Amino acid sequence: VDYIQSETSQIISNIREDLHALNLDKQKVDAVVICGDIAYAGKINEYQNASNWIKYFCQQILKDESVDGLIMVPGNHDICVDSTLQNYCYFDFTKKEVELRKTAIDDCSNLALYNFLNFEYKLTGKQEKLLNPKKFYVNKNFLYANIIFLEIYPAYFDPQNKVFKYILNDNDFISMDKELKDIDNNITIMA
């Protein structure tokens with residue numbers, strides 16, 4: 001615990017030094033973006049451990065001292081493999097190896113990020129992504145600063161190759177473009 005508190009203090013100090021070096025006379029910022037890998041294996045207990053730290057960090061570094069300025073997107077370690085693999089595979093004790101099921105039990109492609117999305121909901125109170133997981137989410141919280149975040153969750157399990165894949169297709173980009181054009185017709189997605 002002392003080590004974590006020491007590291008947290010150092011991180012906060014480094015951020016404040018960086019703000020000063022940029023000639024920004026601020027001790028706090030408008031937003032914090034966490035770009036994934038909050039957990040190691042997408043397990044519930046890993047998010048429980050991270051929750052208090054992130055709340056404390058936001059209180060120390062965000063202007064409004066809440067998690068309202070927090071933006072999180074999952075990384076590859078935020079995928080809970082256990083939640084989805086069991087749908088497609090099982091361990092054959094006779095052969096002593098993992099076997100593919102002939103048919104999937106359920107379509108639980110959204111379960112890969114369920115623990116992450118549930119953690120985000122419990123932390124921020126924002127339920128949109130948990131109730132309606134989709135491949136992208138347009139975050140308009142910082143529109144006042146002319147900033148829009150596209151939060152992308154394109155993980156799914158490919159049972160044939162026994163791997164998770166990350167794919168955005170043309171339809172995803174068309175949908176994103178339409179949603180952004182509804183905000184401002186001059187917005188263009190560049191990928």
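User: Let's begin with one residue. Why does Phe 57 count as buried?

Analyst: Phe 57 has a relative accessibility of 6%, and buried means under 20% relative accessible area, exposed over 50% and partly exposed in between (1.4 Å probe, protein chains only). So Phe 57 counts as buried. One note before we go on: this is a predicted model, where local features need pLDDT of at least 70 and side-chain atom pairs count only at pLDDT 80 or more, while totals for chains, interfaces and linings use all residues. Residues are numbered from 1 along each chain as its sequence is written, and side-chain values use heavy atoms, with hydrogens and water left out.

User: And what makes Trp 53 partly exposed?

Analyst: Trp 53 has a relative accessible area of 28%, so it belongs to the partly exposed class. Trp 53 and Phe 57 both lie in helix 2, residues 44–61, where they are four residues apart, about one turn of the helix. Helices here are DSSP runs of H or I with at least four residues, strands are runs of E with at least two, and both are numbered from the N terminus.

User: How do you know that Trp 53 and Phe 57 form a stacked pair?

Analyst: The structure holds four aromatic pairs. In the pair of Trp 53 and Phe 57, the rings are 5.0 Å centre to centre, with 10° between the planes. Rings of Phe, Tyr and Trp (its six-membered ring) pair if their centres lie within 6.5 Å, and planes under 30 degrees apart count as stacked, over 60 as edge-to-face and the rest as tilted. Both values pass, so the pair is stacked. Elsewhere, Tyr 47, Phe 116 and Phe 119 form one aromatic cluster.

User: Why are helix 2 and helix 4 called roughly parallel?

Analyst: Their axes come within 10 Å and cross at roughly 30°. Angles under 35 degrees count as roughly parallel, over 145 as roughly antiparallel, 65 to 115 as roughly perpendicular and the rest as oblique. Helix 2 and helix 4 are therefore roughly parallel to each other. On the helix 2 side, the contact (heavy atoms within 4.5 Å) is made by Ile 44, Tyr 47, Ala 50, Ser 51, Ile 54 and Lys 55. Helix 4 brings Asn 115, Phe 116, Phe 119 and Leu 123.

User: What makes Ser 51 buried?

Analyst: Ser 51, found in helix 2, has 14% relative accessibility, so it counts as buried. Setting aside residues up to four places away in sequence, Ser 51 touches Phe 119 and Leu 123.

User: How do you know that helix 4 is mostly covered?

Analyst: Eight of the eleven residues of helix 4, which spans 114–124, are buried. Among them are Asn 115, Phe 116, Phe 119 and Leu 123. Just after helix 4, Gly 125 takes a positive phi of about 80°.

User: Which residues touch the most other members of the largest nonpolar core?

Analyst: Of its 24 residues, these are Val 32, Ile 38, Ile 54, Leu 70, Met 72 and Phe 119. Helix 2 gives the most to this core, with six residues. Beyond its neighbours within four places in sequence, Ile 54 contacts Ile 34, Ile 38, Leu 70, Met 72, Phe 119 and Leu 123.

User: How many helices and strands are there in the chain?

Analyst: The chain has six helices and eight strands. Of its 191 residues, 33% are buried.

Methods
A nonpolar core is a set of buried Ala, Val, Leu, Ile, Met, Phe, Trp, Tyr and Cys residues joined through side-chain atoms within 4.5 Å. Axes are lines fitted to C-alpha atoms, for helices over the stretch in contact, and angles run from 0 to 180 degrees between N-to-C directions.
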